[in-house]
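Hi,

Here is the structure I said I would pass on. Have a look at it first, and then read my notes below.

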Amino acid sequence: MLDQTIDGGFENPVFDAQTVFRAVMDAMARPGTVRPLPGFARPPAPLSPAAAAVALTLCDHDTPVWLDPSLQASQAVRSWLGFHSGAPLADRPTEAHFAIVANPAEQIALENFAQGTQEYPDRSATLVLQLAGLSAGPGLQLEGPGIETTATISPSPLPRHFVEQWKQNNQRFPRGIDVILAAPEGIACLPRTTRIKMMEG
């Protein structure tokens with residue numbers, strides 16, 4: 001168990017974190033675009049390498065992290081994240097700055113996560129959703145800041161009623177959550193300002 005906790009983190013922490021951070025910022029600035037991520041992290045299952053790399057880059061001792069039930073059930077995942085990021089685990093999603101979801105199909109509703117306040121909208125949660133892929137799911141059409149006209153993405157699997165929940169998330173602006181989609185081919189981001197609708201057909 002000790003080897004599993006210690007192994008698999010960033011080999012070059014500063015360089016690797018900078019590379020991942022740049023990818024996340026680029027993806028946030030241009031919603032729906034896919035940014036490849038090198039295989040910097042090798043976490044214990046069921047935490048995915050892409051989600052792990054994002055967590056090691058964005059989470060630290062000041063950012064409580066909530067894990068969905070499938071991740072929470074893994075002592076290896078909890079120990080690995082704690083060792084490599086220093087981030088404390090949040091007992092409730094409303095207390096977390098970041099949430100990592102390994103099973104999006106069973107995810108709790110977006111409104112259950114920290115939404116921020118009108119004065120401090122940055123106190124909301126960022127969700128990291130582990131996905132099987134970004135091109136084989138139902139087509140989503142994106143509009144909003146950072147998108148010239150429209151963008152399309154087809155993530156899979158998505159939480160149930162995701163588009164309807166996202167419309168409610170838009171309505172809470174400037175409060176609301178942001179989402180990072182983490183898949184084997186890379187990451188894509190859905191900031192709270194992005195509008196989403198299902199594509200026809």
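Five strands make an open sheet with mixed pairing, in the order S1-S2-S3-S6-S7. At the edges are strand S1 (65-67) and strand S7 (186-190), and each of them pairs on one side only. From one strand to the next, the twist averages 20°. Pairing here means that DSSP finds at least two bridges between two strands. The helices (H or I, at least four residues) and strands (E, at least two) are DSSP runs, numbered from the N terminus.

Before you go further: this is a predicted model, where local features need pLDDT of at least 70 and side-chain atom pairs count only at pLDDT 80 or more, while totals for chains, interfaces and linings use all residues. Residues are numbered from 1 along each chain as its sequence is written, and side-chain values use heavy atoms, with hydrogens and water left out.

Now zoom in on S6. Strand S3 (residues 126-130) and strand S6 (residues 178-183) run parallel and are joined by five bridges, with Val128 opposite Ile180. S6 and S7 also share five bridges, but in the antiparallel sense; there, Val179 stands opposite Leu190. These two strands form a hairpin, with two residues between them.

How many of the residues of S6 are buried? Six of its six are, where buried means under 20% relative accessible area, exposed over 50%, and partly exposed in between (1.4 Å probe, protein chains only). In a regular strand, side chains alternate between the two faces of the sheet. In S6, Asp178, Ile180 and Ala182 point one way, and Val179, Leu181 and Ala183 point the other way.

Asp178 is worth a click. It has a relative accessible area of 13%, so it counts as buried. A polar atom of its side chain lies 2.7 Å from the backbone nitrogen of Arg192.

Next, the helices. Helix H3 (residues 49-58) lies across strand S2 (98-101), S3, S6 and S7, and runs at about 135° to S6. For that angle, axes are lines fitted to C-alpha atoms (for helices, over the stretch in contact), and angles run from 0 to 180 degrees between N-to-C directions.

In helix H6 (residues 162-171), the buried residues are Phe162, Val163, Gln165, Trp166, Asn169 and Asn170. They sit on the same side of H6, because they cover an arc of only 155° around the axis; the arc is that of the directions from the helix axis to the C-beta atoms. Their cover includes strand S4 (140-143), S6, S7 and strand S8 (195-198).

Last, the cores. A nonpolar core is a set of buried Ala, Val, Leu, Ile, Met, Phe, Trp, Tyr and Cys residues joined through side-chain atoms within 4.5 Å. The largest has 33 residues, of which Leu47, Ile100 and Ile187 touch the most other members. H3 gives the most to this core, with eight residues. A second, separate core has 29 residues, including Leu127, Ile153, Phe162 and Val163.

Cheers

Technical notes: Contact = heavy atoms within 4.5 Å. Polar contact = N/O pair within 3.5 Å; in protein donor to acceptor, adjacent residues only side chain to side chain.
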